[in-house]
Amino acid sequence: MSFSIKQSALATCMDLSNSFVHRRSQSTICRSSFSPALLLQNDLKRTHLSVLKPLHISSIEIIGKEKRPVIQCKAFEADKSQPIEAAAEVKPETAKRLKIGIYFATWWALNVVFNIYNKKVLNAYPYPWLTSTLSLACGSLMMLVSWATRIAEAPKTDFEFWKTLFPVAVAHTIGHVAATVSMSKVAVSFTHIIKSGEPAFSVLVSRFLLGETFPPAVYLSLLPIIGGCALAAVTELNFNMTGFMGAMISNLAFVFRNIFSKKGMKGKYVGGMNYYACLSMLSLLILTPFAIAVEGPQLWAAGWEKAISEIGPQFVWWVAAQSIFYHLYNQVSYMSLDQISPLTFSIGNTMKRISVIVSSIIIFHTPVQPINALGAAIAILGTFLYSQAKA
């Protein structure tokens, strides 16, 4: 518990720190018993302290620069190692950890479901540009409805906000489309193994384009990442160059997205949920004309009829599910980033890839050679070591 004691009460505090209270009865001492000038910093209400255990002074600090400086005096019970007030902080800290745990579990689950439905859609309807556009359109519509119905509070933005968000949206659009193109050509597990090499791109871009330097441990952690990804790529049974390059381009694009986001959004705080909503809307505006130019409505219509005839009406649910779950998992990930450090987020992202890789192999019966699995494990281990080295 923290006390603010005037300088004249310093001697009283020092005497208290060296004394034991010998009364064994269930008695209490009010704050006025120590000194008439004693005030509690955090609670103005009358507070009682148990005297069954002796109290010791843990620290005394002078705070303030006024003529009569105030001395901060912290006390702890005899069998404790920290101030009494820390006990009151345990409950909020536990609640925060529980909240973060729920965020992580939801994030991983939504991501797994998205990848499953996304692959189902792409297997039956190989138009990744339209699929990517529908994902962004669905998320944008969901957030517009949420704002209109006041389920979520709309963000307060201005022209400067959207201007700084534009390069982030460009990078996000490229990364999103490239990843979808990759998954349309290769197994989901292979795409995510290659995408686990994103830290290597981050270090290389930061080093050679931004001039940043890193500790030797960071550079050493890149060796298993690069080696593991290379081993997994060489031993992939269904290797496809377009799928491989799509995953690599996605890595590079998302690195630039993070760089632009950190540099441009300083001092322009918008909550994680609304930030991603704005990012989706701007990305949708950027992507739509390119999707029309690359694939076009004629191909989309012909492919749709074929998919419906082969899969049936449930194909519509697949498309809706992959679009909805894409927005939800990204939204939860940005909400998680509001609550945790970048290091914790990086570790969570690594664990997310493991869950996606394992679940996709099981669901789609993806053939995996032992050497291929070893490469994936080495790459993911390197990603974990990288997150620890950057701590």
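User: Let's start inside helix α9. Is Ser283 buried or exposed?
Analyst: This is a predicted model, where local features need pLDDT of at least 70 and side-chain atom pairs count only at pLDDT 80 or more, while totals for chains, interfaces and linings use all residues. Residues are numbered from 1 along each chain as its sequence is written, and side-chain values use heavy atoms, with hydrogens and water left out. Buried means under 20% relative accessible area, exposed over 50%, and partly exposed in between (1.4 Å probe, protein chains only). Ser283 has 0% relative accessibility, so this residue counts as buried.

User: What distance separates the C-alpha atoms of Ser283 and Ser140?
Analyst: Ser283 sits in helix α9; helices here are DSSP runs (H or I, at least four residues), numbered from the N terminus. Along the chain, Ser283 and Ser140 are 143 residues apart.

User: Which residue has its C-alpha atom 8.5 Å from that of Leu287?
Analyst: Leu287 also belongs to helix α9, which covers residues 272-294. At 2% relative accessibility, Leu287 is buried. The C-alpha atom at 8.5 Å belongs to a residue 113 positions away along the chain, Ile174.

User: And Met273, how far is its C-alpha atom from that of Ser336?
Analyst: Met273 is another residue of helix α9, and its 25% relative accessibility makes it partly exposed. Met273 and Ser336 are 63 residues apart along the chain. Their C-alpha atoms are separated by 9.4 Å.

User: Which residue forms a salt bridge with Arg353?
Analyst: A salt bridge here is a side-chain nitrogen of Lys or Arg within 4 Å of a carboxyl oxygen of Asp or Glu. Searching the whole structure turns up 1 of them. With its closest N and O atoms 4.0 Å apart, the pair joins Arg353 to Glu198.

User: Which helices does that pair link?
Analyst: Both Arg353 and Glu198 are buried. They come from distant parts of the chain, 155 residues apart. Arg353 is in α12 (residues 342-364), and Glu198 is in α6 (residues 198-208), so by the DSSP numbering the linked helices are α12 and α6.

User: Over to the second largest pocket. Which helix supplies the largest share of its lining?
Analyst: A pocket is found on a 1 Å grid over the protein atoms alone, as an open set of points where a 1.4 Å probe fits, with protein on both sides within 12 Å along at least five of seven lines; lining residues have an atom within 4 Å of a point. This one is lined by 13 residues, with Phe201, Ile225, Ile226, Cys229 and Met248 nearest its centre. α6, α7 (216-234) and α8 (241-264) each supply at least two lining residues. The largest share, 5 residues, comes from α7.

User: How many charged residues are in that lining?
Analyst: Ala, Val, Leu, Ile, Met, Phe, Trp, Tyr, Cys and Pro count as nonpolar, Asp, Glu, Lys and Arg as charged, and the others, Gly among them, as polar. The lining divides into 11 nonpolar and 2 polar residues. The number of charged ones is none.

User: Where is Phe239 found?
Analyst: Phe239 is partly exposed, at 37% relative accessible area. Phe239 is found in the loop between α7 and α8.

User: Which loop holds Arg150, with its positive phi?
Analyst: Most residues other than glycine have a negative phi. Arg150 has a phi near 65 degrees, and its relative accessible area of 75% makes it exposed. Its place is the loop between α3 (128-148) and α4 (159-185).

User: What is the phi of His365 near?
Analyst: His365 lies in the loop between α12 and α13 (370-389). At 67% relative accessibility, His365 counts as exposed. Its phi is positive, near 55 degrees.
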